[in-house]
Amino acid sequence: MAKTSNYVPQDSPLDRMDPRAKIYAIFCLGIAAIIFPYYQFSYLIVIGLFIAAGIAKLLKKFTKFMLAFAIPILIMLIFIQGFYSPKNVTIIADCGFAKLGLEGVEYALKIVGSLLVFLGSFYLMTTTTYTGRLVAALVDSGMNMKVGYLVLACLNVVPQMQRRMLIIQEAQAARGVDTQGTFFSRLKAYIPLLGPVVMSSFTDAQERGMTLETRGFGVKNVKPTTFVEAKKRTSDRVVQILLVVFLVATIAATVFLKFA
Amino acid sequence: MKTEKVGFIGGIKEQFSTKSLVLIPIAVGINLIGGTLASALKLPLFLDMIGTIISAALAGPWVAALVGLLTNVFLALVSNPVYLPYSLVSIGCGLVTGYMIRGGMFKKVWGVVLTWLACTLLSVAISSTITVLVFGGATGATGTSVFTATLIAATKNIVKSVVATSMIENLVDRGIAFLIAYILLKRIPKRFMSQYSVEANFDDAEIDD
Amino acid sequence: MNDTILEVKDLSFRYRGAKRKAFQHISFDVRKGEFFCIVGANGSGKSTLCNALVGLIPFYFEGRMKGDVFINGKNTKESSIAELSSEIGLVFQNPFNQLSYTAGTVEEELAYGLGNKGIPREEMKKRVAKVAKMMRIDHIINKNPLELSGGQVQRVAFGSTFIMEPEILVLDECTTQLDPLGSEEIFDIVKDLNKNGITVIMVDHDMERVARCANRILVLEDGNQVAIDTPEKIFGNPDMVAHQIDVPDYVSICQELKNRGLFKGEVEVEEEPTIQAVKEALKV
């Protein structure tokens, strides 16, 4: 069965936290990592994220995700930037075919560090947040119901279409449509496989539109309500304030370091 | 009644009727299963903008742009967050395709070719910029990144290598995507097409008795 | 006594780009609490007519409409689909196209329409619990709607429609895609609702069922109104076969017995009286 989201229900403080506070975290931590001049700083934040993952009881999953992302990109970027960055002045190693420059390596570390902060906090948010609650929270903060519909509908419709596709794939394979063969024979098999899903989906679209309309979708001048509760607790507000304070402090420190 | 002036923003808002809105998740789905199918058939292609092209033809450029954005957001959510910055490429392609179809480009085959080329150039420009500026040249250990790295080792130039890789990749991929979308669009029943406002030249005469 | 709840006056509609009208010059009225059926062959305009009753025509489908629909004396043209949803609800064929695709659980799905209308959460919860019980889905309230069977989803669709508290339900072949068991379950619910005073307007292919339940039947052919009358009159009329209406087997049996001079009574549309007629013919 196709997965709709990364969400793993757990009894943890991160799971209970308001989704808006987590969105604050992604942006405040991410921006702080980008603007601060020393790359080491972003890795400190990454360590913080690992601690958060531990609190959320997701340490194993989180570590796997972070390593799977970090190692390949780090190797590629150290190769590309370390050996070939035009900024390289200080040579730290000579590998014969090219020279490894310190500036390039630091640049690679900086990029990977910032990406890890963004990706890690984003990943933590998606694994600890029920999407319905995220949308409810955003609707509560004044987001348009149409936007909420789009996010949730994509997450629900896509796996359903993937399942339908699989069924057709199996049926066509049974009928002997060539899915192995040369490039062109495989390309030729593409349309009879995709076509039926595309065609039937148009009737679906029309009928789903009817359903939304008869459920009062897009009514004007009404503040929509949600079944899923989305209330900010005091602790959520405190977390949000702390995150903003952290970002402001980082900006201040950056300015101080640049001009002093 | 139909000739009422709505202005640019009003025109964009008008594209987001319920009818178009429900098309969006489905077009995102077409994009994604198009991609999954390509890899299932072991085609060395993405083919992940067929839904964007179809939605552009039915519901206009801004709907198509949103389809592009949401496709990348979905990929970022369930597979790899690296897709997120590249949503700019998908948005750009949706807009270009949508406006060119509005300009009547899908009426003739050469128009489709022109749209394909425009879309390819735009994709190359935006995606290269993102690869270089956001990711420093590579996004991981994918085939594309390895190819880029080989080019960099040969040419000693990061930007040129990224652009060259992106050019080859996009030209073939977008070409086949446009071909397939065009074939599928021709098969959509008129009764369905006529419910969308883009092709407004349907006979709208009063009911006669 | 004026207890008309819905009135259709000389209604015609043509989809944009279509060469011919989906239906034309349709006029009828439905009384409060009535079980009203619409029958006709495929393409006779039944579904389009249903869409017009709930306001999807003229507000959702592009095309030209002539004539009026009145619900409780109010013209649907002056209302909106959302407003109409608390007076008249629609359930159609494909259960999976009647989900909002925004809900992770059945209870969220049921509450979706109430949320759009800004109903407070307390009231929402009350209505969800009530409707879930009524539709016999209270045991699956925390399940993901996309993982349910067609019959279960159709009951969720009924619930989501009914939670808006409409007085009229329009059912457009709402059991066609279900297995016999799922279909019967849905149908039991419909009968219960009708007993409790809900007006039902139903399109169905199962003529036995139509004959059994309908107070009156409207017959459509190629978009034209052919007849409107009680089941006995409609099915007892030999011309109906010419209008592509499948006559229930009971009617055919009675008719055949009559033709052979073995039965002298009125043509029957239900099981029990037909058995009596056969018994009479066989002289047992």
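Tutor: Of the 27 residues of H5(A), 21 are buried, so this helix is largely enclosed by the rest of the structure; buried means that 20 or more other C-beta atoms, placed from the backbone, lie within 10 Å of the residue's own. This is a predicted model, in which local features need pLDDT of at least 70 and side-chain atom pairs count only at pLDDT 80 or more, while totals for chains, interfaces and linings use all residues. Residues are numbered from 1 along each chain as its sequence is written, and chains are lettered from A and ligands numbered from 1 in the order in which they are written. H5(A) covers residues 102–128 and reaches 38 Å from its first C-alpha to its last, close to the expected 39 Å, a span that is 1.5 Å times one less than the number of residues. Helices (H or I, at least four residues) and strands (E, at least two) are DSSP runs, numbered from the N terminus.

In chain C, strand E7 (residues 168–172) is also mostly covered, five of its five residues being buried. On one side these are Ile168(C), Val170(C) and Asp172(C), and on the other Leu169(C) and Leu171(C). E7(C) pairs in the parallel sense with strand E6 (residues 88–91) of chain C over four bridges, where pairing requires at least two DSSP bridges, and Leu171(C) is the bridge partner of Val91(C). Five bridges link E7(C) in the parallel sense to strand E8 (residues 199–203) of chain C, with Val200(C) as the bridge partner of Leu169(C). Between E7(C) and E8(C) the chain crosses through helix H7 (residues 180–195) of chain C in a right-handed β-α-β crossover, the path over the helix running clockwise from the first strand to the second when the strands point away from the viewer.

Technical notes:
Buried ≥ 20, exposed ≤ 12 C-beta atoms within 10 Å, placed from the backbone.
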